[in-house]
Protein chains: 2
Amino acid sequence: MDNFVLHTPTKVLFGEGQIAHLNSVIPKQARVLILYGGGSIKRNGVMDQVQNALKGYTLFEFGGIEPNPTYETLMKAVELVRQEKIDFLLAVGGGSVLDGTKFIAAAALYTQEPWHIIETTGGDITQAIPLGSVLTLPATGSEMNAGGVISRKSTGDKQHFFSPSVIPQFAILDPVTTYTLPQRQIANGVVDAFIHTMEQYLTYPVDAKVQDRFAEGLLLTLIEEGPRALAEPENYAIRANIMWSATMALNGLIGAGVPQDWATHMLGHEITAMHGLDHAQTLAIVLPSVMNAKREQKRAKLLQYAERIWNLREGSEDSRIDAAIAATRHFFEQMGMPTHLSDYGLDGSSIPALIEKLKQHGMTALGEHGDITLQDSQRILEAAR
Amino acid sequence: MDNFVLHTPTKVLFGEGQIAHLNSVIPKQARVLILYGGGSIKRNGVMDQVQNALKGYTLFEFGGIEPNPTYETLMKAVELVRQEKIDFLLAVGGGSVLDGTKFIAAAALYTQEPWHIIETTGGDITQAIPLGSVLTLPATGSEMNAGGVISRKSTGDKQHFFSPSVIPQFAILDPVTTYTLPQRQIANGVVDAFIHTMEQYLTYPVDAKVQDRFAEGLLLTLIEEGPRALAEPENYAIRANIMWSATMALNGLIGAGVPQDWATHMLGHEITAMHGLDHAQTLAIVLPSVMNAKREQKRAKLLQYAERIWNLREGSEDSRIDAAIAATRHFFEQMGMPTHLSDYGLDGSSIPALIEKLKQHGMTALGEHGDITLQDSQRILEAAR
């Protein structure tokens, strides 16, 4: 096991009805900005629950944070925060609203031009406006971690940043809020959480037995519950298991003390930035191709994954690995998510441009060994056509 | 899954050499009291590492906190804290030192007679002196939770208390510090962590798949690594896995949103208080007897435990349950810990007195269903003779 520091201070309030306890986690005198996305929270009753819970508070609203939140939109919120002297940010939505809110929290108190936050990957953030969330889309784990991903329309960039200053103070997770999500969003969430887990699991063994077992527990849960969530949208237990899996998949726990990959995410980000595919769709395209391309470096973990997740114990090592990759692909397809570029109308002609973007972003040595060059990335994308 | 609130704000610094970073987690101007037990930390170099890391700090020492820390001893530390205006407590040791330090942290700022903290199970603690720990004995999980257990020599009581105010700010976990532990202490730690997990796992199903898989991951790790830890005391990876398992077993994570039992602990506490057996020894005696006595109420989870932990899939339900209980008993015995009262020279004649103590402490309806009466507890102890 590698050395690690793990800090998960976010207070989690989990379960049906927990939104009513918002007033126990936001200071009474706070000037609260409620941030949200396309407005579904106004149609499904979540905003009503939030406002009821915060009666007596000074409330402001900022809607319209888009999937893959843009710098351009977020800077409008930064202006509002500064103007109205907002001192608490409440994100109500999914990972995009949360990531956007984290950026706003840091940018509002940042003395330089805020895009510099992204250019420095958040490294020089020293303070942020306190924030919390009511999560309505289980997927990214952003509700309990220090990271965010921001896009810039004007340049076609999609990049991440991290800072302990933007870890949410609390996360309210009520599985009922997910009942009205479109199937595609649930599929996105399940696949995203699954691949977050894989990025921290499918590397090489460091004898970290707890982390491995926990990661496997999340993978098994997502495989069992994902397809059921599509079939039974109002089954509380299923939604609860998915919601809790997604939070646990990226709050630092399973990644503490183990190598991490993240090549799939870096390649996926470029596809979203250039072509607008959903984040999870890009991951479902890239991951099987990475698994295959890196089968030597990941051999031991691929075999463990094959055995413990898919019960593959017979045949040669390579046949078990092939079967595990096929099973992974089949799981994504079961979630309604095809795994080739061509399934999304892309013929691969943009691959050179995608590689050029990777290069611009300094992504020239990806993966847990830093051995995925731009040529390797190109081969991975070619194999995913 | 049941509703829950989970808050794990303790910052974990895990791995060899992390003690050197103590000065990053204790304020520079703090007046720090270092608390410890029998003094092994002065012989094995841990105290030297702590003092080196805290050069320039104003340091005080309080040693002699005993296993099953007593109110009588701890109140001497409370006096020292008040007298020297200590404003940070650093526990260096195992669960007893940690539990004692938590009590001291609350008692020093408590306006009433501090035993009242125990009488009210910590419910009216409103503040505590900040604390952190350097853990040298993986076992109790106290380094990352809100609880403690305190004994009172004068009355023969051993009782727990809880308060968010006493959650440690940080925990430094360096597996190397455990190399010099006596075998008996390692065995105690492994069995204690195993039974903490069982108290939160072996109840009845509430469709909490993540919690179940995480608990099973800890049980499997402890079963694999426990006996190896006895055989290879200086194997870093084994000690690291045990140390991390023990923390995860009782930091709230696996118990969030699921029923909990704790009958084994309540009965065990009385045996320790009356006869001085090690905490884990009492648990190893009581748990198999509880498993057998409550096999109807715990049937579904017992079968899941039999299958997923011991790979028992053949035969009648009751034969699988019998085999799982036998395997559990065998695991404890493998750790050098016998599972009957008679193995510790107790003939069972004190059982009525133990039941009387349980009654005095209000433990008349134990277990996840609250259906273990004093008569049931008596039968459980009789069966453990």
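1. The buried residues of helix H8 of chain A are A:Ile238, A:Arg239, A:Ala240, A:Asn241, A:Ile242, A:Met243, A:Trp244, A:Ser245, A:Ala246, A:Thr247, A:Met248 and A:Ala249. These belong to a predicted model, and the remarks that follow should be read accordingly. The helix is mostly covered, with 12 of its 14 residues buried.

2. The surroundings of this helix come from both chains. Among the elements that cover the buried residues of H8(A) are S1, strand S8 (170-173), helix H6 (183-201) and helix H7 (209-231) of chain A, and H7 of chain B is included as well. As to its geometry, helix H8 of chain A spans residues 236-249 and reaches 20 Å from its first C-alpha to its last. That reach is close to the 20 Å expected at 1.5 Å a residue.

3. How many residues of chain B are in contact with chain A? The contact involves 33 residues of chain B and 33 residues of chain A. On the side of chain B that touches chain A, two or more residues are given by each of strand S1 (4-14), helix H7 (209-231) and helix H8 (236-249) of chain B. By residue class, this side of chain B divides into 16 nonpolar, 10 polar and seven charged residues.

4. Strand pairing also links the chains. Strand S1 (residues 4-14) of chain A is joined to S1(B) by seven bridges, and the two strands run antiparallel. Within this pairing, A:Thr8 stands opposite B:Thr8 in S1(B).

5. The relation between the copies may be stated next. Chain B is superposed on chain A by a rotation of 180 degrees with 0.0 Å of shift along its axis, at an RMSD of 0.0 Å. The two copies are therefore related as by a two-fold rotation axis. Which residue of chain B has the C-alpha nearest the axis? That residue is B:Pro9, whose C-alpha is 1.9 Å from the axis. Of the interface residues of chain B, 100% are also interface residues in chain A, so the copies meet through the same surface.

6. Within chain A, the division is into domain 1 (11-177) and domain 2 (182-383). The C-alpha centres of domain 1 of chain A and domain 2 of chain A lie 26 Å apart. Their contact takes 18 residues from domain 1 of chain A and 23 residues from domain 2 of chain A. On the domain 1 side of that contact, strand S7 (residues 157-162) of chain A supplies the largest share, three residues. The residues on the side of domain 1 of chain A that touches domain 2 of chain A comprise eight nonpolar, seven polar and three charged.

7. Phi of A:Asn311 is near 60 degrees, a positive value in a residue other than glycine. A:Asn311 is found in the loop between helix H11 (299-310) and helix H12 (317-334) of chain A. Is A:Asn311 buried or exposed? A:Asn311 is exposed, because 9 other C-beta atoms lie within 10 Å, and a residue counts as exposed at 12 or fewer.

8. In chain B, B:Asn311 has a positive phi of about 60 degrees although it is not a glycine. B:Asn311 lies in the loop between helix H11 (299-310) and helix H12 (317-334) of chain B. With 9 C-beta neighbours inside 10 Å, B:Asn311 counts as exposed.

Terms used: Residues are numbered from 1 along each chain as its sequence is written. Chains are lettered from A and ligands numbered from 1 in the order in which they are written. This is a predicted model: local features need pLDDT of at least 70, side-chain atom pairs count only at pLDDT 80 or more; totals for chains, interfaces and linings use all residues. Two residues are in contact if their C-beta atoms, placed from the backbone, lie within 7 Å. Helices (H or I, at least four residues) and strands (E, at least two) are DSSP runs, numbered from the N terminus. Ala, Val, Leu, Ile, Met, Phe, Trp, Tyr, Cys and Pro count as nonpolar, Asp, Glu, Lys and Arg as charged, and the others, Gly among them, as polar. Two strands pair if DSSP finds at least two bridges between them. Domain bounds come from an automatic or database domain assignment. Copies are superposed by least squares on the C-alpha atoms of residues with pLDDT of at least 70 in both. The expected span of a helix is 1.5 Å times one less than its number of residues. A residue is buried if 20 or more other C-beta atoms lie within 10 Å of its own, exposed if 12 or fewer, and partly exposed in between; C-beta atoms are placed from the backbone.
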